[in-house]
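Please look over the structure below before reading on.

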Amino acid sequence: MQVRKLPRGAEQISVIGLGLGIAKPGDDVSALVRGALERGINYFDLCCAYESTCSQLKEPFSEVPRESFYTQLHLGAVFKNGAYAFSRKLDKVRDVFLHEIDSFGLGYTDFGMLHCIDEESDLNYVLTKGIYQLAQDLKAQGIIRHLGFSTHNPAIARKLLELGGFDLFMFSINAAFDFKQDGELALGETSEREELYRLAQAQQVAISVMKPFAGGQLLQVQSSPIGVPLSVVQCLQYVLDRPAVVTAIAGASKVEELDDYLKLFTATPDERDYGAAMAHASAAPNLKRCVYCNHCAPCPKKINVGLCNKYYDLALMGDNLAREHYLNLEHHASECNDCGHCVKRCPFKCDQIARMHEIAAYFGR
């Protein structure tokens with residue numbers, strides 16, 4: 001395992017981290033965490049999709065010295081009826097966070113994350129309604145060692161970096177989201193995302209990466225937004241080549257998946273090279289599906305069309321956290337009035353009117 005030092009700290013973080021968001025009830029999460037630790041993975045994102053999977057964490061963590069692994073725990077990720085949910089209620093955010101610190105046997109978390117701040121309304125609420133202050137108070141008490149945040153939105157990330165005080169943030173990076181040809185394939189312009197990585201590096205703020213495989217889309221030619229598939233190794237290498245990145249958080253539900261990720265360290269230079277594959281990449285207008293570029297904005301009904309589509313696609317691919325992220329949006333697909341503004345502006349000719357009806361029916365709001 002290779003490690004990278006946290007710029008503002010002594011932590012030596014494994015370049016591959018483990019996320020537990022895809023683990024399901026019945027999965028042996030204890031064995032998964034033990035397997036990760038045995039393979040040198042020492043960084044864990046503890047945003048679980050199910051409460052029962054989180055209940056298995058205390059035992060494997062108690063078997064190794066606390067200083068031998070690092071955790072990022074989220075202020076705002078809660079559970080409802082045993083499944084992941086999302087809350088901005090200050091008392092609930094505090095109570096769940098402190099309960100998890102105790103029930104996981106952590107004593108503290110290395111990174112306390114302001115959870116999933118994707119819209120301006122999220123940012124304003126977190127900064128003014130006590131959650132940001134709570135994070136600072138917990139840091140002063142030593143319960144949080146480093147402040148962090150998670151977002152898919154580069155504009156939001158930049159504002160938080162300008163606010164200062166953060167040592168790490170979680171951001172979605174992969175070869176598709178950064179790709180530019182006849183329009184961008186993610187939230188924010190490609191240049192905006194590149195500037196964000198450089199700004200983070202200049203400010204010595206680390207990035208932990210979510211969605212390194214674009215929710216699995218990049219691994220299959222049929223689903224790849226850039227028209228060509230990349231291997232697991234190529235995806236990981238791409239992410240680790242971005243400025244400020246210290247770790248790529250890869251999801252897993254069984255130990256065998258970890259070995260696929262560790263092939264990065266035995267792969268030949270040719271196997272790690274993504275440049276040759278990217279030379280044949282093409283995001284042609286006939287893609288005819290949403291790639292979250294938000295060139296259709298602004299929506300007259302204030303719907304964030306890109307995020308609605310993103311959370312929908314992630315939910316279809318098995319991301320158990322995506323439903324709650326969608327429901328937390330300020331405006332939803334069901335508010336669409338079929339005006340056609342988005343269809344006219346879409347560089348990929350996606351029928352967003354039909355898509356909004358499809359998303360509304362799927363999520364039931």
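This is a predicted model: local features need pLDDT of at least 70, side-chain atom pairs count only at pLDDT 80 or more; totals for chains, interfaces and linings use all residues.

Residues are numbered from 1 along each chain as its sequence is written, and side-chain values use heavy atoms, with hydrogens and water left out.

## The chain and its barrel

The secondary structure of the chain comes to 16 helices and 12 strands. The radius of gyration, taken over C-alpha atoms, is 20 Å, close to the 21 Å that the globule rule gives for 365 residues, so the chain is as compact as a globular protein of that length; the rule itself is 2.2 Å times the number of residues to the power 0.38. Along the principal axes, the C-alpha atoms fill a box of roughly 55 × 50 × 45 Å. Of the 365 residues, 56% count as buried, where buried means under 20% relative accessible area, exposed means over 50%, and partly exposed lies in between (1.4 Å probe, protein chains only).

Eight strands form a closed barrel with parallel pairing, in the order β3-β4-β5-β8-β9-β10-β11-β12. From one strand to the next, the twist averages 30°; angles of this kind run from 0 to 180 degrees between N-to-C directions, with axes that are lines fitted to C-alpha atoms, for helices over the stretch in contact. The table lists some of the parallel pairs in this barrel.

| Strand | Partner strand | Bridges |
|---|---|---|
| β4 (residues 43-45) | β5 | three |
| β5 | β8 | four |
| β9 (residues 144-151) | β10 (residues 168-172) | four |
| β11 (residues 206-210) | β12 | three |

The bridge partner of Tyr43 in β5 is Tyr70, and the bridge partner of Gln72 in β8 is Phe111. Thr151 stands opposite Phe171 in β10, and Ser208 stands opposite Thr247 in β12.

Helix α4 (residues 90-103) lies across β5 (70-75), β8 (109-114) and β9, and runs at about 160° to β5.

Strand β12 (residues 245-251) is also mostly covered, six of its seven residues being buried. Together with β11 and helix α9 (residues 232-240), β12 makes a right-handed β-α-β unit; right-handed means that, with the strands pointing away from the viewer, the path from the first strand over the helix to the second runs clockwise.

Tyr261 is found in helix α10 (residues 255-262) and, at 8% relative accessibility, counts as buried. Leaving aside residues up to four places away in sequence, Tyr261 touches Ile16, Phe213, Val232, Leu236, Ala250, Gly251 and Ala252, where contact means heavy atoms within 4.5 Å. Tyr261 and Leu236 are 25 residues apart along the chain, and their C-alpha atoms are separated by 7.9 Å.

Leu196 lies in helix α8 (residues 190-202) and is buried at 2% relative accessibility. With residues up to four places away again not counted, Leu196 touches Pro154, Ala157, Arg158, Leu161, Phe169 and Phe171.

## Two residues with positive phi

Most residues other than glycine have a negative phi. Ala244, in the loop between α9 and β12, has a positive phi of about 80° although it is not a glycine, and Ala244 is buried, with a relative accessible area of 15%. Asp338, whose place is in the loop between α14 (322-327) and α15 (341-345), has a positive phi near 60° and is partly exposed, with a relative accessible area of 39%.

Terms used. Two strands pair if DSSP finds at least two bridges between them.
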